[in-house]
Structure formats: structure tokens, C-alpha cells
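Biologist: I would like to learn how to read a model like this one. Could you walk me through it?

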Amino acid sequence: MLDLVLGKLARQHDANVLVGFDKADDAGVYQISPDSALVQTVDFFTPIVDDPYTFGQIAAVNSLSDVYAMGGRPLTALALVCFPENADVAILEQILAGGLAKMIEAGCTVVGGHSIRDPETKFGYSVTGMVHPQRVLSNAGARPDDALLFTKALGTGVISTAIKKQAAQPDWIAAATESMTTLNRKAAGVVTSAAFQNAVHALTDVTGFGLIGHAREVALASDVSLEIHSRRVPLLPGALECVRAGHIPGGLKANRDFAECMVQYEDSVPQELRTILFDPQTAGGLLIAVAAAHAAELVAVLSAEGVTAAFIGTVHHRRAPLIRVL
């Protein structure tokens, strides 16, 4: 919504803006010296789990992810809080404690924040990080013949919907919670390491727009087309069961309405797989475009660091359709 409105306004021209909102990237990047640039992002949302401490953790992981997705290192954060006037402040304390725990894990200092009274609880952070101007990883660098890798697994949206309906099984909740409370710090550290500095061409995190939505952004920004092997995409336990049971969040439907016009499916792709590719993720994994010759090595190093990663597709010269799902 915001990008549609901003796009209609007069744009500021500043040569120090390395990444703005024109490419629908994960964060803004602003150069402040020849070897330093700020990475800035903000994100907040309503609770998606019942436990306030866990909600705080998830909100922090989600907010930090955009800095990692630009190849940056988070430095400071400001908390954003909407909280009901008559609610128990102890609940807010638990939310903030959960968020702080993940900020400490990330080495990111919470320096303040802002709160307002609101009938519906909302929580998140504005995060500032640092990156070398020559080492920014945007969504615009994917090249034909690159391999597409994906960390983590899809399904947090449909499982969160099942939780709200009290229809999620305990093992589904546990797996989704573990995924959403796991920082992308290790994955980003490998991707940005010297060993892969010239091999990784594009990077984004898969969050609210789902895998297809964020893949679309990579394709448009990079002027390429993508092929995605649907059966290779990692899925959380219970994700397909939630789709079959109709636990479909509104965000999934919106993602599908917006982006499916650019997708062509092979007839063999099951309907439930087509659906889950649009599932809005919270604190999702990284989508990586890497030179094919380095893909296997990158997967191996990520795995050695305890990061799950899968080869899910390839990059091609721009053609129709924009995204082909096999």
C-alpha cells in the first residue's frame, strides 16, 4: 500500500541513496562515507501466537531480517508499540523482554522507542544497520543461469491462521515457532562471507508477500525470469494440511490476486502447492540468487552452520511468463 502512494509523490534526488523504494527492496540503504552505508527498515504487526514473550521474539526476528537481507549488520533498534489502555502491563513487559532477547542475540542495541494507546496490540522495531556500499545485496542483481536457494521453510501464515482457529497440532506450532524465532544471522553471515562475495548476486527475505511475491520482485528488479521447482520448496510440518483444511489467511488471498497473473504452472503442480507458494511469511527465510557453479558449495556451508537451505529453481533471461512453476 505504502509503495503505491509513495510512487505517486515527487521523489527526492539524493546521490547517497543506494537503495530506495523504487525496487520494492527489503530496506533502504544510504551512503554516509566511502566505506559505510546505513541500512534502515521498519516493521510491526499484531500478535500471531498466544504467548507474549514468543510474540516479542518473532517481531524482533522479523524486523532484523530486512537488514540481513541487504547484506548488512544490525546496530540499533527503536521499539514501536501499540497497546490497549486497560490491558495488563505485565503482558507488554513480556513482549518487550522477548524482543530484547533476540536483539541481544543479534548484537543490536535497543536505544528507545515510541508507544501509543490502541485497542489492538501491535509491536515491532525500526532497525538501523551498516553495510559497505560496495557489498550491498539487493533484489536487483539476479543473473541468467543463477541458481535459486531458499533457507527455512514455508507455512507460517497458514499455520498461524490454524492457531487462531485452535486447529493447529502441537508439532506444527512448535516447528513454526522455532522457524519464526530463528534469526537469519547465520545464513546472512555465510552469504556475505568472503568465500561467496562475488558468487551471490541477489538476496531478499521471504515475508509478507510470500515466495511468489518476493520472487516476482527479484525478477522485475533484475529484469529476468524465474523457474521454481515447487516440490523442492521446503514446507513446515502441517502446512499442506492447513491449506487442505481451508486455513487460508487473507494475506495469502491478496498475494495470489496480485501476483498470480505473472505465474504459469505445469499441469502436474498440485493445487495445494500452488496455494502455499503465496503464503505470507513472518520472519521467513532468505531467497538467494547465486552463480550455479557455487550453489552446491553454498548449500553445504550453510548446512554446516546449521542453516537449512534448498535448491528451488533457476534464473533465466527475461521472457514470458515471468515465473514458471514446475
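Modeller: Gladly; we will take a sheet, a helix, a loop residue and a surface patch in turn. This is a predicted model, where local features need pLDDT of at least 70 and side-chain atom pairs count only at pLDDT 80 or more, while totals for chains, interfaces and linings use all residues. Residues are numbered from 1 along each chain as its sequence is written, and side-chain values use heavy atoms, with hydrogens and water left out.

Biologist: Let's start with the sheet. What is the order of its strands?

Modeller: In general, strands of a sheet pair through backbone hydrogen bonds, either parallel or antiparallel. Here, strands and helices are DSSP runs numbered from the N terminus (helices: H or I, at least four residues; strands: E, at least two), and two strands pair if DSSP finds at least two bridges between them. The open sheet has 7 strands with mixed pairing, in the order E8-E11-E7-E12-E9-E13-E10. Strands E8 (200-205) and E10 (263-265) are at the edges with a single partner strand each, so one side of each lacks a neighbour in the sheet.

Biologist: How do strands E7 and E11 pair?

Modeller: E7 (residues 147-151) and E11 (residues 286-290) pair in the antiparallel sense over 4 bridges. Leu-149 has Ile-288 in E11 as its bridge partner.

Biologist: Now a helix. How many residues of H4 are buried?

Modeller: Buried means under 20% relative accessible area, exposed over 50%, and partly exposed in between (1.4 Å probe, protein chains only). In helix H4 (residues 156-164), 8 of the 9 residues are buried, among them Val-158, Ile-159 and Ile-163. The buried residues pack against helices H5 (170-180), H8 (239-244), H9 (250-259) and H10 (271-276), where contact means heavy atoms within 4.5 Å. After H4 comes Gln-166, with a positive phi near 55°.

Biologist: Is Ala-27 buried or exposed?

Modeller: Ala-27 counts as buried because its relative accessibility is 7%. Its place is the loop between strands E1 (17-19) and E2 (28-33). Setting aside neighbours within four places in sequence, the contacts of Ala-27 include Val-19, Asp-66 and Met-70.

Biologist: And which residues make the nonpolar surface patch?

Modeller: Patch residues have over 30% relative accessible area and no salt bridge; like charges are joined within 9 Å, nonpolar side chains (Val, Leu, Ile, Met, Phe, Trp, Tyr) within 5 Å. A salt bridge is a side-chain nitrogen of Lys or Arg within 4 Å of a carboxyl oxygen of Asp or Glu. Leu-100, Ile-104 and Val-110 make this patch of about 250 Å², with areas from the Shrake-Rupley method and a 1.4 Å probe, only the protein chains shown counting as cover. Leu-100, in helix H3 (residues 89-106), counts as partly exposed because its relative accessibility is 40%.
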